[in-house]
Amino acid sequence: MVNFDTKVDLCGISLDNPVIPASGTFGYGYEFAELYDINILGAFSCKGTTLSERFGNPTPRIAECAAGMLNSVGLQNPGVKKVVAEELPRLKKVYGKKIMANVSGFSAEEYVEVSRILDKEDVVGWLEINVSCPNVHGGGLSFGTDPKTAAQITAMVKKATVKPVIVKLSPNVTDIAAMAKAVEDAGADGVSLINTLVGMRIDLKTKKPILSNVTGGLSGPAIFPVALGMVYKVCKAVKIPVVGMGGIKSAEDVLEMMLAGATAVEVGAANLVDPYACKKIIEDLPKTMEKYGVKSLKEIRGSV
C-alpha cells in the first residue's frame, strides 16, 4: 500500500495537507463545523478583521458571471476586540489547529494594532496581512499597489508581532514579483496570492451597474490561470513560502499550484458554491496524487 504524503510545512508550522479555506469565504470557521469536522483542514484563514466594527458596503454586494463571481462586501466584520472576545472562543470549541488571522486596515497604525492584538491569541498560527485595502491617508489607493508602502506595513507589523507574517498580494499591479520581493526584503515570512481581480457587471434592464459599489473583486475558476501564472512568477523571485490561491476548485488544481511553487493553497469562491468543497478536495488528494504519480507534495513543489 503506497502512502501518499500530503503534509506540508508553512513558516515552521506543519500542516496535515495544504488546503486552507480563504479569508472571507469561511467566516470564523465554526459555521462550517456544523457540516463536517473542520479539523481535517490544513488550516483556514478567518474573515478579514479590522480595528473597528464594519457594516460593509451597501447591497447588492454580489454579482454572478461566467466561471466566477464578483463581490464587494467591504470587509464586514465585528472588529478585532469582538473577534477575540466572542468569535475565537466559539471556534476553539470545535477546532484544535492553528488559523491564519487575516488582518485589514485603513492606515499603517490600524494594521499594527490589529496584528498586535491577534498576535497574542494561541489559536493564531500566522498573521495574513491584506494589503489590498485602500490607504485612507494616501488618497484611497491600495497599500498593495506600491512596493514601498507594502514594505513599510510589513516592517511595522513585524516589529509589533512574533508570529509569522504572510502578506496577501493584489494582482492589480504591474509587477507582482516586485511587490513580493519588496515585502520579503521588509521581513515578510511568506506571501499569499492572488487576491481578487477588479471587474464589474451591468444590469441590461436598469442600465446600471449590478454592484452598488460599481466594481468588485472577481474570483472563481475564471481567474485560475492568471493566479497560477503569478504564483509561478513570484516563486521564482522570492525565497519565502508562497500560498497560492485564485479559482482553485479541485485536487488537480492543488497539484498545479504546488508544481508552480506554492507551499500551500487557499480555496475561496468554491466554498460559496459548495460548502463541502475543501472537504472533497482533501479527500480527493491521495487518489489524485496516485493518478499522476505523486508520492509526496513536498517533493513536487516548484518542480516546473
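M200 has 39% relative accessibility, so it counts as partly exposed (between the cut-offs of under 20% for buried and over 50% for exposed, with a 1.4 Å probe and protein chains only). You'll find M200 in the loop between β10 (197-199) and β11 (202-203); strands here are DSSP runs of E with at least two residues, helices are runs of H or I with at least four, and both are numbered from the N terminus.

This is a predicted model, with local features needing pLDDT of at least 70, side-chain atom pairs counting only at pLDDT 80 or more, and totals for chains, interfaces and linings using all residues. Numbering starts from 1 along each chain as its sequence is written, and side-chain values use heavy atoms, leaving out hydrogens and water.

Now for the backbone. Most residues other than glycine have a negative phi, and most peptide bonds are trans.

One joins T59 and P60, with omega about 0 degrees, and P60 sits in the loop between β3 (19-21) and β4 (62-65). Another joins L193 and I194, with omega about 10 degrees; I194 is in the loop between β9 (190-193) and β10.
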